[in-house]
Amino acid sequence: MAYDKFNILTSTAVPLPLENVDTDQIIPARFLKATKREGFGDNLFRDWRYNNDNSPKESFVLNNPIYSGKILVGGKNFGSGSSREHAAWAVYDYGFRCVVSSFFADIFRNNCLNVGVLPVQVSVEFSEQIFNAIYDDPNTEIEVNLPNQTITILSTGAQESFEINSYKKDNMLNGFDDIDYLQSMKTEIESFANGLLL
Amino acid sequence: MSKTLFDKVWDSHVVRKIEGGPDIFFIDRHFIHEVTSPVAFLGLKSRGLKVLYPERTFATADHNTPTINQHLPVEDPLSAIQLKALEDNSNEYGISHWGLGHQKNGIVHVVGPENGITFPGATIVCGDSHTSTHGAFGAIAFGIGTSEVEMVLTTQCIMQPKPKKMRINVNGQLGKGVTPKDVALYIISKLSTSGATGYFVEYAGDVFENMTMEGRMTVCNLSIEMGARGGMIAPDETTFTYLKDKPLSLKGEAWDTAVAHWKTLKTDADATFDKELTFLASDIEPMITYGTNPGMGMGISKNIPNAESIEGGVATYKKSLDYMGYHENDEMIGKKIDYVFLGSCTNGRIEDFRAFASIVKGRKKADNVTAWLVPGSHEVEALIKEEGILDIINEAGFVLRQPGCSACLAMNDDKVPAGKYAVSTSNRNFEGRQGPGSRTLLASPLVAAAAAVTGVVTDPRDLL
């Protein structure tokens, strides 16, 4: 599915300094019954965000008007567990274009790249600097520069570079997805398949 | 050059390598289910694409199906729509579909192997992280997202960088009451839920060599819970015996040719891994989890660790114990429980029901316990009846339900109520996983059975 191109994103950020945030928290299974990719943002972090009577839990960061922005900063091992791409859809649909963590679970990272959310892995120290900067001043802006592969805390100037393979980088910059590429390889794939035993 | 089992299977499926990018990776077998496939089919339709090899994809309904009265229309309208979408999409594109009510219906990772769809040296994907189960056969099997489901449908390929390699050896003999589930929970407790992220694991050593296929499936199933994309075990006589004469297994000369090839897949003696770990079977006891991720597990006779002794954030750890209503240094033995769930792609096979029955035989279900016993497939259900296990569990006050994922992820009505404790043979104890506010203790079928008849966490070795 097409997504908006990603180049340089400058935004305030939402801090969620918990470790091992699993995809069941990002989007609980009971919200996976849709047959279309619509409305998942409403249920992002559903059970942390709302009480049983659907009233917002004030203590949860997404309900705190002080924090907003297009960047979500999570703790270590973000996105573990279920392979549900709905988790990445929920993050995107809510309005985040970038998730920052000191460590991502594999499948979630991959799903993010496929739907137009940029996963930015930083050092533990830098992730703490970001949390501190946001807690000091929630209006702190973070710049995520995909062409240069850098992330900068604009208030302090602290910067770190991040990794992304050149193929995925090119996709994100242009809003391409893998299907475009794979479609162009059909003949090669078919001849490969013809040589298989099973 | 010397190669590992993983290298041999991976390298033989690379259609093209992209410089500085992922490999174009060919997929032999693709499983789909009702939850993660509808949007992929929508994508195909909107782009006007076809399914390239419909015969390589297999559909079954499992995540979102009721486990009672499966002959009646599905009550939940959203679930019914999802099930219908799977059926319609499968029919439209010529994909074999084992829907609700079909004799071969069941949990995708149970029916795949039992029908011989899974085979050694294969590459297998599904929009489900527990696809790692099929690694038990020496396949590279892992979970994918819905975008990738669409890629596989239309090109039979995905784009993946090759993961690093880890070997986990467990040597020696397992003690009484220690099952494959305990081996896996023990390893995860040592590695944490992110300890194998970025790696593909090979399990080796006496314990896995001596394990049945069903046990190997339990272990490989849980690979994702330590962050690994998947885990695999070298195919051997145990593997070939299991697969021979399965409905979709190769027959005759083609079978013999395949077996000869499969025997060459094992890791070369001098091949190396990026990381290698070794554990002793004698250090493993029946395991139970006490927190909100599968890495928070311990020997059942132990006490809940102190926050200070744990690697990682103290705040996250304490939040987790708060959610569970537990405290540091608590004993787990004797903790009251409310629900027992036997089933899932982790422990919903016939050996799991045999193990459960071995403890409940001649005993009675505890009054305070609600138990859901859910076979992984109709074939498992049939064996439960054939082997007399149904009589044993009925006699003990338990009822057998119909196949499906059920309370493992609680998409259907099998939800553990808020605040209640469930001893579960499934794979995840995340907050709310078994129903909003539910509290899950992951354990083996033996530990589940011991809890079911005593109403509290109990060491199964005392009842064997």
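How many disulfides does the structure hold over all chains? The structure holds 0 disulfides, a disulfide being a pair of cysteine sulfur atoms within 2.5 Å. A:Cys112 is in no disulfide, and the nearest cysteine sulfur, that of A:Cys98, is 9.4 Å away. In chain B, the sulfur of B:Cys345 has its closest cysteine sulfur in B:Cys408, at 6.0 Å, which is too far for a bond.

This is a predicted model, in which local features need pLDDT of at least 70 and side-chain atom pairs count only at pLDDT 80 or more, while totals for chains, interfaces and linings use all residues. Residues are numbered from 1 along each chain as its sequence is written, chains are lettered from A and ligands numbered from 1 in the order in which they are written, and side-chain values use heavy atoms, with hydrogens and water left out.

The table lists the relative accessibility of some residues. Buried means under 20% relative accessible area, exposed over 50%, and partly exposed in between, with a 1.4 Å probe and protein chains only.

| Residue | Relative accessibility | Class |
|---|---|---|
| A:Cys112 | 0% | buried |
| B:Cys345 | 8% | buried |
| B:Gln82 | 0% | buried |
| B:Asn329 | 46% | partly exposed |

**The interface of chains A and B**

In this model, 54 residues of chain A are in contact with 70 residues of chain B, contact meaning heavy atoms within 4.5 Å. The size of an interface is often given as the accessible area lost when the parts come together. Here the buried area (the accessible area, with a 1.4 Å probe, that two parts lose on being put together, summed over both) is about 5,300 Å², and carbon and sulfur atoms give 60% of that.

The rule finds 5 salt bridges across this interface, each a side-chain nitrogen of Lys or Arg within 4 Å of a carboxyl oxygen of Asp or Glu. B:Arg47 forms a salt bridge with A:Asp177, with the closest N and O atoms 2.6 Å apart.

By class, the side of chain A that touches chain B has 22 nonpolar, 14 polar and 18 charged residues. Ala, Val, Leu, Ile, Met, Phe, Trp, Tyr, Cys and Pro count as nonpolar, Asp, Glu, Lys and Arg as charged, and the others, Gly among them, as polar.

B:Gln82 lies in helix α3 (residues 77–93) of chain B. A polar atom of the B:Gln82 side chain lies 2.7 Å from the backbone oxygen of A:Leu32. Leaving aside neighbours within four places in sequence, the contacts of B:Gln82 include A:Lys33, A:Thr35, B:Asn64 and B:Met411.

**Helix α6 of chain A**

Helices (H or I, at least four residues) and strands (E, at least two) are DSSP runs, numbered from the N terminus. In α6(A), A:Tyr167, A:Lys168, A:Lys169, A:Asn171 and A:Met172 are buried. Their cover includes α4, β5 (118–121) and α7 of chain A, together with β8 (157–160) of chain B. A:Asn165 caps the N-terminal end of α6(A), with a side-chain oxygen 3.1 Å from the backbone nitrogen of A:Tyr167. Just after α6(A), A:Gly175 takes a positive phi of about 70 degrees.

**Two loop residues**

A:Gln149, a residue other than glycine, has a positive phi near 55 degrees. A:Gln149 is found in the loop between β6 (142–145) and β7 (150–153) of chain A. In chain B, phi of B:Asn329 is near 70 degrees, also a positive value in a residue other than glycine. B:Asn329 is found in the loop between α11 (314–324) and β15 (339–342).

Note on methods:
Polar contact = N/O pair within 3.5 Å; in protein donor to acceptor, adjacent residues only side chain to side chain.
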